[in-house]
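I'm opening my notebook on this one and jotting down what I looked up, entry by entry. Follow along with the structure on screen.

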Amino acid sequence: MNQEHAIETNMIEVCNIKKKFKVYNDKGYTLKEKVIFSSRNKYEERWVLKGISFQVKKGEAVGLIGHNGCGKSTTLKMLTKIMYPDAGSISLNGRVSSLLELGAGFHPDLSGRENIYINASIFGLTKAEIDNRAEDIIRFSELEEFIDHPVRTYSSGMYMRLAFSVAIHVDADILLIDEILGVGDTNFQVKCFQKLMEIKQGGTSIVIVSHSLGQIEQICERSIWIHDGLVRAEGMPGSVHRQYLAYMGELRNKPVPVAASSSTADVPTASDLYMHTGSGEVKIAKVSVTDQEGEAKRAFLTAQDIRIHVEYTVSRPLAKANVGISIFRNDGLCCYGISTKEDGIGFFQMNRNGSIELDLKNVNLLAGKFIIHVGIEDELRNSIDYVDQAASFEIYTLNDETGAFYLEHKWKLDV
């Protein structure tokens, strides 16, 4: 492809851009502080972007993904020329509209109508162009009743709806969006998606930064995963998102450093941290969540096996014990509960310190945080020990199913 043709088809050209920021240890702000505490002005340079490149064609939608602080929003701000790269180049071909901080140009004491004119003029529209679009902007925002009221009287949802409506009615060649697709109620969100698809089909190029991978897959043909200031993966959204989610799952399972204590006596045991209820002849000492090899983990992929390991101490033998384990989602939904008696093992003796394990196979929970409760009771169902929130784990998924569980399914179309 020759250079002339590339200019015609690529609306955005990002070439090896780099960006660094100065991070001050304790910066002085007044003249007195700067003179007396000059050592406070020391800083270190942190490179947020270390050289990323990508192109966006006319009518193409591209999603930028990555964990917080990876440089997604910084990239978008450089595309809007809010900030500039320290190295590399950015080429934009056409009028740019951005939805980075909705309503950033709004004046709280002016009416919604007046702010339409101010905000649209920031995007480069003339007064005549705004006159022609004003009613469409108001109609799309669904704020006809309040449009002549000061925007300081608006709710946050109304404020965002008006700003979104302005931004998508400026007939931009390039639209830049940063984490604002959850605007308004469900009906308004659907309307926003439909409008985005409409302007995309009209030839507008779109770059979206979002943690909602499902939204990106609905709109974008391509995803770019930015990691540690570089492009780690680029391609079809589904493929790139699976790589990203797998990485984030591994990241959650990295051990958390524990601060060293001056004395081992200062370190509380797991049992001390639990809130126990019951008569106490047997006490739950520790509950851990591991994989099938016994390695402690904090996050699992949907359909992985999970092992719950319960250690207990005995101060007085219990002739007939029943151990129950239940799993709750963090919003209070009970997802599963089982006990040794209900599972056919029946009552068993607890004469000395020991442990019990529950192996859960093919755990088809969907994404969320889950809390484990553990209880021990006797044959009369008297509580011997019960620990609420004994342990927790997270589930992450590679797809966008919603609900509590993944269900095996098969589609059949007769069209």
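Predicted model: local features only at pLDDT ≥ 70, side-chain atom pairs only at ≥ 80, totals over all residues.

**Entry: Leu49.** I started with Leu49, which counts as buried because its relative accessibility is 0%; buried means under 20% relative accessible area, exposed over 50%, and partly exposed in between, with a 1.4 Å probe and protein chains only. Residues are numbered from 1 along each chain as its sequence is written, and side-chain values use heavy atoms, with hydrogens and water left out.

I found Leu49 in strand E2, residues 43-57. Helices (H or I, at least four residues) and strands (E, at least two) are DSSP runs, numbered from the N terminus. What does Leu49 touch once neighbours within four places in sequence are left aside? I listed Ile17, Lys18, Lys19, Cys70, Gly71, Thr74, Thr75, Met78, Ile226 and Gly229, where contact means heavy atoms within 4.5 Å. I also checked Phe21: it sits 28 residues from Leu49 in sequence, and their C-alpha atoms are 9.8 Å apart.

**Entry: Trp47.** I stayed in strand E2, where Trp47 also lies. Is Trp47 buried, partly exposed or exposed? Its relative accessibility is 39%, so Trp47 counts as partly exposed. Leaving aside neighbours within four places in sequence, I noted contacts of Trp47 with Lys18, Lys19, Lys20 and Asp86. For Lys20 I looked up the C-alpha separation from Trp47: 4.1 Å, although the two are 27 residues apart along the chain.

**Entry: the whole chain.** Next I zoomed out. The protein chain has ten helices and 19 strands. Of its 415 residues, 43% count as buried. I then took the contacts with a separation of 6 or more, and residues 24 or more positions apart account for 71% of them.

**Entry: Ser97.** I went to strand E5, residues 96-99, and found Ser97 there. Ser97 has a relative accessible area of 0%, so it is buried. Not counting residues up to four places away in sequence, Ser97 touches Phe123, Ala167, Val170, Ala172, Ile174, Leu175 and Leu176.

**Entry: H4 and H5.** How do the axes of helix H4 (residues 112-122) and helix H5 (residues 127-141) cross? They come within 10 Å and cross at roughly 125°; axes are lines fitted to C-alpha atoms, for helices over the stretch in contact, with angles from 0 to 180 degrees between N-to-C directions. H4 and H5 are therefore oblique to each other: under 35 degrees counts as roughly parallel, over 145 as roughly antiparallel, 65 to 115 as roughly perpendicular, and the rest as oblique.

I wrote down who makes the contact: Arg113, Ile116, Tyr117, Ala120 and Ser121 from H4, with Lys127, Ile130, Asp131, Ala134, Glu135, Ile137 and Ile138 from H5. Sorted by class, the contact of H4 with H5 has seven nonpolar, one polar and four charged residues. Ala, Val, Leu, Ile, Met, Phe, Trp, Tyr, Cys and Pro count as nonpolar, Asp, Glu, Lys and Arg as charged, and the others, Gly among them, as polar.

**Entry: Asn322.** I found Asn322 in strand E14, residues 318-329. Its relative accessibility is 5%, so Asn322 counts as buried. What does the side chain of Asn322 make a polar contact with? I got the side chain of Thr340, at 2.8 Å. A polar contact is a pair of N or O atoms within 3.5 Å; within protein, one must be able to donate a hydrogen and the other to accept it, and residues adjacent in sequence count only if both atoms are side-chain atoms. The side chain of Asn322 also reaches the backbone nitrogen of Lys341 at 2.9 Å. Leaving aside neighbours within four places in sequence, the contacts of Asn322 include Ser339, Phe347, Gly375, Ile376 and Glu377.

**Entry: two loop residues.** Asn362 is in the loop between strand E17 (354-360) and strand E18 (368-377). Its phi is positive, about 50°, although Asn362 is not a glycine. With a relative accessible area of 40%, Asn362 is partly exposed. Arg381, in the loop between E18 and E19, has a positive phi near 70° and is not a glycine either. Arg381 is exposed, with a relative accessible area of 62%.
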